[in-house]
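Here is a short briefing on the cores and the sheet. Keep the sequence and the 3D view open while reading.

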Amino acid sequence: MTNMVTTDRFDTSRFESDRNRLASLAYRMLGSASDAEDAVQDAFLQWQAADRQRIRVPEAWLTKVVTNLCLDRLRSAHARRERAVGTWVPEPLLDGDPMLGPADTFEQRESVSLAVLTLMERLSPVERAVYVLREAFSYGHAEIAELLDIAEAASQQHLHRARRRVTTARRGGEADPAAARRVVEEFLAAAASGRTERLVELLTDDVTAVSDGAGLARRLLHFTTPRKVAAVVRAGFKPTPAKRRLVGGVPTVHYALANRAPALVFVIGDRVLGVATFDLAGGRIATVRGIAAPHRIARLAEAWPHRDPDTPLTVRWPSTPAERPPAPPS
């Protein structure tokens with residue numbers, strides 16, 4: 001009995017030592033932290049049930065199990081319905097979350113960006129798996145072929161197609177961190193003060209905005225053209241007594257990084273109300289994502305109270321007519 005307990009502890013420890021890597025793989029495959037956690041937990045159950053003495057290379061075995069679990073999810077009828085009706089957006093994660101995984105190379109950092117996670121929806125499940133295993137985890141084609149039970153030549157072809165689809169649609173390279181922060185802070189200042197023309201200047205000509213309607217819309221809302229996006233942003237930022245009653249006060253705004261890109265986090269106390277993320281191109285904002293539905297920001301919201309965030313950004317919320325002091329009698 002003692003030997004059995006020792007073996008179980010060792011095997012559990014072996015799995016736990018690989019958990020973050022497996023979660024990072026699953027997150028890149030699925031774009032959802034909760035789904036990634038479920039896939040890793042299912043892999044743990046398979047690990048416990050397996051004849052571990054016959055597993056020669058635990059890392060390869062676990063990688064294959066998690067990858068196949070993710071492929072099953074991506075191929076499921078439920079996943080196809082969920083992602084086809086316009087209700088899906090990648091789940092943002094705060095910088096430093098271990099689920100974001102390796103970040104040594106540009107390819108590794110890019111593979112977890114919200115832009116690329118969105119673009120990977122255009123790939124077949126196998127193309128997505130090959131792309132993630134190669135770009136984010138540097139597996140060779142022979143290794144990928146064995147993991148996915150495909151020919152090595154097929155792995156190369158899947159990667160070529162995946163790279164072409166992602167590369168032709170993505171927006172530029174990495175932005176300078178300081179410059180990106182300045183642009184986003186200017187965006188916040190313009191949105192909060194109602195300077196629509198300045199907002200337009202900060203947006204690319206082909207800007208897009210995606211919103212879940214403060215978490216209330218059943219389908220994602222999409223907006224294009226600088227003026228339309230600026231108008232929608234301005235309306236969203238405009239404070240009203242009804243909004244304040246809905247959220248329970250006036251939010252503070254923090255600058256942060258989500259999936260290694262600039263973001264604004266709106267909070268009251270330790271409670272996260274929502275997140276706005278930004279993709280930049282040529283020093284201007286190319287994509288804005290407004291995400292507030294609790295299930296879409298659950299992991300980020302859970303992590304936020306344990307962080308030591310920067311000082312809140314100064315936001316001059318203009319008062320509404322009902323909140324302005326009455327004019328003195330003439």
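The largest nonpolar core holds 48 residues, and F15, Y27, M29, M120, Y131 and L148 touch the most other members. The model is predicted. A second, separate core has 32 residues. The fold also carries an open sheet of 6 strands.

**Cores**
- In soluble globular proteins, nonpolar side chains tend to be buried together.

**Sheet**
- The strand order is β2-β1-β6-β5-β4-β3, with mixed pairing.
- β2 (221-224) and β3 (252-258) are the edge strands, and each pairs on one side only.
- From one strand to the next, the twist averages 20°.
- β1 (residues 203-211) pairs with β2 in the antiparallel sense, over 4 bridges.
- Within this pair, T208 is opposite T224 of β2.
- Strands of a sheet pair through backbone hydrogen bonds, either parallel or antiparallel.

**Helices on the sheet**
- Helix α11 (residues 177-193) packs on the sheet and touches β1, β3, β4 (261-268), β5 (271-281) and β6 (284-291).
- The direction of α11 makes about 150° with that of β3.
- Helix α13 (residues 226-237) lies across β1, β2 and β4.
- α13 runs at about 45° to β1.

Technical notes: Residues numbered from 1 in each chain as written. Predicted model: local features only at pLDDT ≥ 70, side-chain atom pairs only at ≥ 80, totals over all residues. Heavy atoms only, no water. Core = buried A, V, L, I, M, F, W, Y, C linked by side-chain atoms within 4.5 Å. Buried < 20%, exposed > 50% of the residue type's maximum accessible area, 1.4 Å probe, protein only. Pairing = 2+ DSSP bridges. Helix = DSSP H or I, 4+ residues; strand = E, 2+ residues; numbered from the N terminus. Axes fitted to C-alpha atoms, helices over the stretch in contact; angles between N-to-C directions. Contact = heavy atoms within 4.5 Å.
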